[in-house]
Amino acid sequence: MRNLRVFLVFCVILSLGLSIFSAEKIIRIVTEQKTDLEVPYVISFSELLDLVGEDFDANWYSIRVKDSSNKDIPYQIVDIDQNGRISSSDKLLFTFKKEAKIVVSDNWDLELLQFNPIFTVEEKDGEYIITSDKFSVKVNNHGLANFVKFNNVEGNLYNELGTARIAGWSGSTYYVDEKLGRHVETTSAGLNVKELKIYEAGPVAVCVQGLLYYEDLPGFNQKISSYIFKTGDILVENEFSFTNYVDIMKLQVMATAPLTSLDDNAFHILPMFRRMIWAEQLGISPYEYWKERDAVINVEENSYIAFPAIESMKPLWWGATYCFVSMENWRANFSDKYNLIAAEILPEKPVIYSDLQKFVYGDFWFYESREFRDGIFRWIPGELNIYEATKGVFEDTKEADWMMKFKAGDKLTYTRYFSMYSAKNSVEAIKLLENRTHEIQNVKLFIE
């Protein structure tokens, strides 16, 4: 009996010792908070494993997310591969202000925290309505998200977020006989659906994933993953992958009808372009180009472009309101009537090339047909050979010289925030978008 008591005491001491000496890994996420909005955050467990290290015996079910006061922040885990357990492809989602800490322990007695979902998901006629107390998003049968309600305003507010416009040559045998084949063009709505997943609603977001392919361009695939956050931000990750040789002329990610179906008087606003080919062809600055069109607004000593969202604004040539311009941090349509913003925000400040050919062959922004478009547009208009500033750079180039050539195994990814916010006027909208972009682009990660 005495030996049994000694053994039990030893077990208790050992148990207490193990709990006392259990270890934690802490990953700190910080940003320069500029608004009252929480900042969305997504990280895969594969990334977390790399950060924590394989030599740490992590219990992934022990995961906690804490704020600067060490209070628990609601989080959710998206089971991407749907295998019923945490694995490398799964995602950790949360929102935070200023600072958050991801805490992982080697204590295997800890289990996941549970939080109540704030979204409802309803299926109707092959589509899904995702609703929170602030907004509603309709997801169509191709996995494309559409804002249909924000605050008390209902209608077609902001459509087909992250859809792609694709153009290329079907049946190209360029590398065999230099023949491109038949030119084809469509959007994501014209692709075939291989798989559509609406993941379980949680306390932070709803994740939607569509796997699409293009029959006319065999080997072209699109995986569109949308994270519909409670903040009114939809983070869209577009991955284009190739399992065959494919010639591409156009590959742009888009959002359609930002507030223009609701309000004909909506304004298009964005930072002044750092580079604009039309201005260079005229020998003037982008500021001067837009000033001539009475489309400049000054806010806190900075100049912004602002013009009616449904007008073409007398383009130098062609029908787009603008094209062959630098991508900037954000752009938006704003409705003064409804005090609404429909914005596109880039997660990182985009670079621009000084070399004209690299610039034209790279990603740049379009605004055309009431659509936000950005990405690849490998078409060399004759006007580039007419104006002195661009003359000669693209002379004697053929389609086969400037098309994008993708081979099996290639991938191309575009990540964008498509968001809706409230503002009382265009000046307040610009300030909000500048601050919001700053805190999104300045998220940093540290290991403690």
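This is a guided tour of one structure, in steps that may be followed in a viewer. The model is predicted.

**The open sheet**

Begin by selecting the strands of the open sheet, which has 10 strands in the order β13-β14-β15-β16-β27-β23-β22-β18-β20-β19, with antiparallel pairing. At the edges stand β13 (192-198) and β19 (296-299); each has a single partner strand, so one side of each is left without a neighbour in the sheet. On average, neighbouring strands of this sheet are turned by 20° against each other, direction ignored.

Next, select strand β16 (residues 233-242) together with strand β27 (residues 411-422). The two run antiparallel and are joined by nine bridges.

**The nonpolar cores**

Now turn to the largest nonpolar core, which has 73 residues; F147, L157, Y158, F273, W290, Y322 and V360 touch the most other members. Strand β11 (residues 153-170) gives the most to this core, with six residues. Select V360 and display its surroundings: leaving aside neighbours within four places in sequence, V360 is in contact with F324, F377, I380, L384 and F394. Another core, of 29 residues, lies apart from the largest one, and A306, F334, A343 and L432 are among its members.

**A buried glutamine**

Select Q281, in helix α4 (residues 277-282). Is Q281 buried or exposed? Its relative accessible area is 8%, and because buried means under 20%, Q281 is buried. The side chain of Q281 makes a polar contact of 2.8 Å with the side chain of W317. Not counting residues up to four places away in sequence, the residues that Q281 touches include L316, E383, L384 and Y387.

**Salt bridges**

The whole structure contains 22 salt bridges. Select E448 and R28, whose side chains meet in a salt bridge of 2.9 Å, N to O. E448 lies in the segment after β28 (444-447) and R28 in strand β1 (residues 24-30), so this pair ties together parts that are 420 residues apart in sequence. R28 counts as partly exposed, at 24% relative accessibility.

Then select R331 and D374, which form a salt bridge of 3.5 Å, N to O, through their side chains. Because R331 belongs to strand β22 (residues 330-335) and D374 to strand β25 (residues 371-377), the pair ties together parts that are 43 residues apart in sequence. R331 counts as buried, at 0% relative accessibility, and D374 also counts as buried, at 0%.

Finally, select K407 and D410, a salt bridge in which the closest N and O atoms are 3.1 Å apart. K407 counts as exposed at 51% relative accessibility, whereas D410 counts as buried at 19%.

Terms used: Residues are numbered from 1 along each chain as its sequence is written. This is a predicted model: local features need pLDDT of at least 70, side-chain atom pairs count only at pLDDT 80 or more; totals for chains, interfaces and linings use all residues. Side-chain values use heavy atoms; hydrogens and water are left out. Helices (H or I, at least four residues) and strands (E, at least two) are DSSP runs, numbered from the N terminus. Buried means under 20% relative accessible area, exposed over 50%, partly exposed in between (1.4 Å probe, protein chains only). A polar contact is a pair of N or O atoms within 3.5 Å; within protein, one must be able to donate a hydrogen and the other to accept it, and residues adjacent in sequence count only if both atoms are side-chain atoms. Contact means heavy atoms within 4.5 Å. Two strands pair if DSSP finds at least two bridges between them. Axes are lines fitted to C-alpha atoms, for helices over the stretch in contact, and angles run from 0 to 180 degrees between N-to-C directions. A nonpolar core is a set of buried Ala, Val, Leu, Ile, Met, Phe, Trp, Tyr and Cys residues joined through side-chain atoms within 4.5 Å. A salt bridge is a side-chain nitrogen of Lys or Arg within 4 Å of a carboxyl oxygen of Asp or Glu.
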